[in-house]
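Thanks for coming. I will go through a few local features, one element at a time. Please keep the view open while I talk.

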Amino acid sequence: MSSEMIIRRYHPSDQDVVTDLWSRAARQAHPFLDGEGTGERARLLREVYLVQGENWVAERAGRVIGLLGLPAGGPGNGDGTGAEIGGLFVAPEAQGCGAGRELLEHVAARHGALTLEVFEDNTPARAFCEHLGFTERGRRTDGETGHPLIALERAAPLKSVSWLHLREGRLLSVRTRGNDTFYLPGGKYEPGETAREALSRELGEELGLVVPAEDLSEAFVIHAVAHGKNGRRLHMTCFTGGPQDIAPAPGREIEECAWFDRQEARERCAPAHAQVVRRLVAQGRMPG
């Protein structure tokens with residue numbers, strides 16, 4: 001599948017397709033549970049969890065392929081203080097395309113820190129969560145099934161903004177003093193700032209550029225491991241716009257500016273930078 005993935009709220013009209021994908025994914029993930037994906041569990045999904053919880057779906061090419069649910073009354077109100085994931089399921093035929101990761105990162109960007117439980121016998125789910133930075137915080141026996149559950153947690157992602165500025169197919173990058181790694185221009189939010197306001201301020205402080213917030217347009221969001229932060233996840237919103245003919249003047253902690261092609265970026269830049277370059281290459285904005 002090559003079309004862009006969309007993460008959106010669950011609608012009641014999604015019920016039949018969501019119930020079907022949940023049933024098939026649950027049976028695949030939990031073959032050790034009798035009657036999984038059917039009967040009373042299916043009724044609870046339709047009549048309780050999909051009605052009362054906060055539910056998100058992944059859609060591609062007009063087809064719903066994933067579901068993530070947060071239980072009603074649990075932690076998580078969109079203020080970044082954390083949330084408990086009640087369930088995450090991807091249609092078996094769509095697994096491996098990034099739907100589960102995109103759903104999880106969308107909720108992390110909205111709620112911050114995340115917790116969830118997985119059955120000990122669900123080896124693929126445990127590997128998936130470990131890959132995305134979850135760590136074990138406890139274990140218990142599920143009272144309903146008698147099978148062991150592992151409680152996992154992940155800290156809130158670091159949120160940042162960055163500027164995509166290309167010159168003859170090369171991407172502007174900056175290096176801070178005392179650091180060998182290059183990053184994209186930008187940085188973290190200050191209290192009360194919007195993403196555009198934060199980036200406008202950072203470009204002034206780092207490069208001496210005047211780029212009004214209203215001139216910036218969101219391009220895409222990158223989820224990666226934050227460089228030098230002990231595995232902490234990064235949620236980086238990338239913007240385009242502003243002046244094209246620039247003469248950056250390194251300021252504040254910036255030691256050096258450079259324009260890198262794809263190979264140079266791979267060798268000298270932070271991990272998130274590589275994802276940005278891949279997106280720009282795919283969009284035809286950088287040479288492959």
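The axes of helix H1 (residues 15–29) and helix H2 (residues 39–52) come within 11 Å and cross at roughly 135°. Axes here are lines fitted to C-alpha atoms, for helices over the stretch in contact, with angles from 0 to 180 degrees between N-to-C directions. H1 is therefore oblique to H2; angles under 35 degrees count as roughly parallel, over 145 as roughly antiparallel, 65 to 115 as roughly perpendicular, and the rest as oblique. On the H1 side the contact is made by Gln-15, Val-18, Thr-19 and Trp-22, and on the H2 side by Arg-41, Ala-42, Leu-45, Arg-46 and Leu-50. Contact means heavy atoms within 4.5 Å.

Before I go on: this is a predicted model, in which local features need pLDDT of at least 70 and side-chain atom pairs count only at pLDDT 80 or more, while totals for chains, interfaces and linings use all residues. Residues are numbered from 1 along each chain as its sequence is written, and side-chain values use heavy atoms, with hydrogens and water left out. Helices (H or I, at least four residues) and strands (E, at least two) are DSSP runs, numbered from the N terminus.

Next, a sheet. Four strands form an open, mixed sheet in the order S4-S6-S8-S7. Strands S4 (83–84) and S7 (135–141) are at the edges with a single partner strand each, so one side of each has no neighbour in the sheet. Helix H4 (residues 123–131) packs on this sheet and touches S6, S7 and S8; its direction makes about 155° with that of S6. S6 (residues 114–119) and S8 (residues 148–154) are antiparallel, paired over six bridges; two strands pair if DSSP finds at least two bridges between them. Thr-115 has Glu-153 in S8 as its bridge partner.

Now strand S15. How many of its nine residues are buried? Eight of the nine are, which leaves S15 mostly covered. Buried means under 20% relative accessible area, exposed over 50%, and partly exposed in between (1.4 Å probe, protein chains only). S15 pairs with S9 in the parallel sense over six bridges, and Leu-158 has Leu-234 in S15 as its bridge partner. Strand S14 (residues 216–225) runs antiparallel to S15, joined by nine bridges; Ile-222 is bridged to Met-236 of S15.

Ser-162 sits in S9 (residues 158–163). It is buried, at 1% relative accessible area. Beyond four places in sequence, the contacts of Ser-162 include Leu-184, Leu-199, Met-236 and Phe-239.

Ile-246 is in the loop between S15 (233–241) and S16 (254–260). This residue is also buried, with a relative accessible area of 7%. Ile-246 touches Trp-163, His-165, Arg-167, Leu-172, Leu-209 and Trp-259, leaving out residues up to four places away. Of these, Arg-167 is 79 residues from Ile-246 in sequence, with 9.8 Å between the C-alpha atoms.

Last, backbone geometry. Most residues other than glycine have a negative phi. Ala-61 has a positive phi of about 55°. Ala-61 lies in the loop between S2 (54–60) and S3 (63–70) and is exposed, at 62% relative accessible area. Glu-168 also has a positive phi, near 50°. Its loop runs between S10 (166–167) and S11 (170–176), and Glu-168 is exposed at 81% relative accessibility.
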